[in-house]
Amino acid sequence: LEQLTAAQRARYDELTAEHGLPETDALTLTTRAALDDLYTATVAEGAASTSAANWVLNDLAGHAGQEGFALTGQSLASLIGLVDGGNITSRVAKELLPDLLAGADPVALVKERGLERLDDEQAVREQVAAVVAAHPDELAAYRGGKSGLRGFFVGQVMRATGGRADPKLVQTLVEQALEA
C-alpha cells in the first residue's frame, strides 16, 4: 500500500470502505486501470459491487484492455443480473463470455439460444428419472451406502439439461429419487 499514489490510495479506501471489497480485490482494481474502469462502469449500471468485482477479477482480468475487447459495463451488468436473478446459471453465463467479449448482448444471446434456466419441476423430474434409470449399478451402490454418488447423479442431470436446470431443484429431486 505504501507504493500507491495519493489518488490510488483514495480509490483503494473507497473500494474497501464504500464498496465493501476485500483488500486484495481493491488493490488489484486500484492498480489496473482497465479492470477498475470496467468494474466502475458495471457498478454504475446497477450490478452489485461484489458480483461485479468477482466477474471482473476472476473471469475478465486476462481480457480487459486488450485489442478487440468490446464488453461494456452495461453488458456485464446485464449478465450479472441474469445470474443473480436466477434466469441463467453461472455455468451458462461463463459459456457466453467469448461472445460477450466481442460485444454481443447477453439478454439477446440467452433468448436466441434458449439458455434460460430450466426450473419446470416436471421436466427436471423426468430428467432425474431418466438418469437414475440409466445408472442401475450406481443406484445400487448409493443405496448400499455410497452416499457420495448423489453428486454423480446431480452432475448427470445437470449435464443432461445442458447446465440449464436449477441446481437446487435438481438436488432436491435427485435426493427424492434416490431415497424412493
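Modeller: First, a term: helices are DSSP runs of H or I with at least four residues, strands are runs of E with at least two, and both are numbered from the N terminus. The expected span of a helix is 1.5 Å times one less than its number of residues.
This is a predicted model, where local features need pLDDT of at least 70 and side-chain atom pairs count only at pLDDT 80 or more, while totals for chains, interfaces and linings use all residues. Residues are numbered from 1 along each chain as its sequence is written, and side-chain values use heavy atoms, with hydrogens and water left out.

Biologist: What span should helix α8 have, and how far apart are its end C-alpha atoms?

Modeller: Helix α8 covers residues 121–134, and its 14 residues should span 20 Å at 1.5 Å a residue. The end C-alpha atoms are 20 Å apart, which agrees.

Biologist: Which residues in α8 are buried?

Modeller: V124, V128, V131 and V132 are buried in α8. Buried means under 20% relative accessible area, exposed means over 50%, and partly exposed is in between, using a 1.4 Å probe and protein chains only.

Biologist: Where do the buried residues sit around the axis of α8?

Modeller: They fall within an arc of 95° seen down the axis, so they line one face of the helix. The arc is taken from the directions that run from the helix axis to the C-beta atoms. The face turned away from the buried side of α8 carries A133 and A134, which are exposed.

Biologist: What covers the buried residues of α8?

Modeller: The cover includes α9 (136–143), α10 (149–160) and α11 (167–179). This rests on contact, meaning heavy atoms within 4.5 Å.

Biologist: Let's move to α10. Which of its residues are buried?

Modeller: L149, F153, V154, Q156, V157 and M158 are the buried residues of α10. Their cover includes α6 (90–101), α8, α9 and α11. After α10 comes G162, with a positive phi near 65°.

Biologist: How many aromatic pairs does the structure hold?

Modeller: The structure holds one aromatic pair. F152 and F153 have ring centres 5.3 Å apart and planes at 75°, so the pair is edge-to-face. Rings of Phe, Tyr and Trp (its six-membered ring) pair if their centres lie within 6.5 Å; planes under 30 degrees apart count as stacked, over 60 as edge-to-face and the rest as tilted.

Biologist: And how exposed or buried is each of the two?

Modeller: F153 is buried, at a relative accessible area of 0%. F152 has 26% relative accessibility and counts as partly exposed.

Biologist: New topic: α3. Which residues are buried there?

Modeller: In α3, the buried residues are L35, D36, L38, Y39 and T42. They cover an arc of only 165° around the axis, which puts them on the same side of α3. A33, D37 and A44 are exposed on the other side.

Biologist: What do the buried residues of α3 pack against?

Modeller: They pack against α1 (6–17), α2 (23–31), α4 (49–59) and α5 (73–84). G46 follows α3, and its phi is positive, near 105°.

Biologist: Where is S49 found, and what is S49 in contact with?

Modeller: S49 is found in helix α4. Its relative accessible area is 18%, so S49 is buried. Leaving aside neighbours within four places in sequence, S49 is in contact with H19, L21, Y39 and V43.
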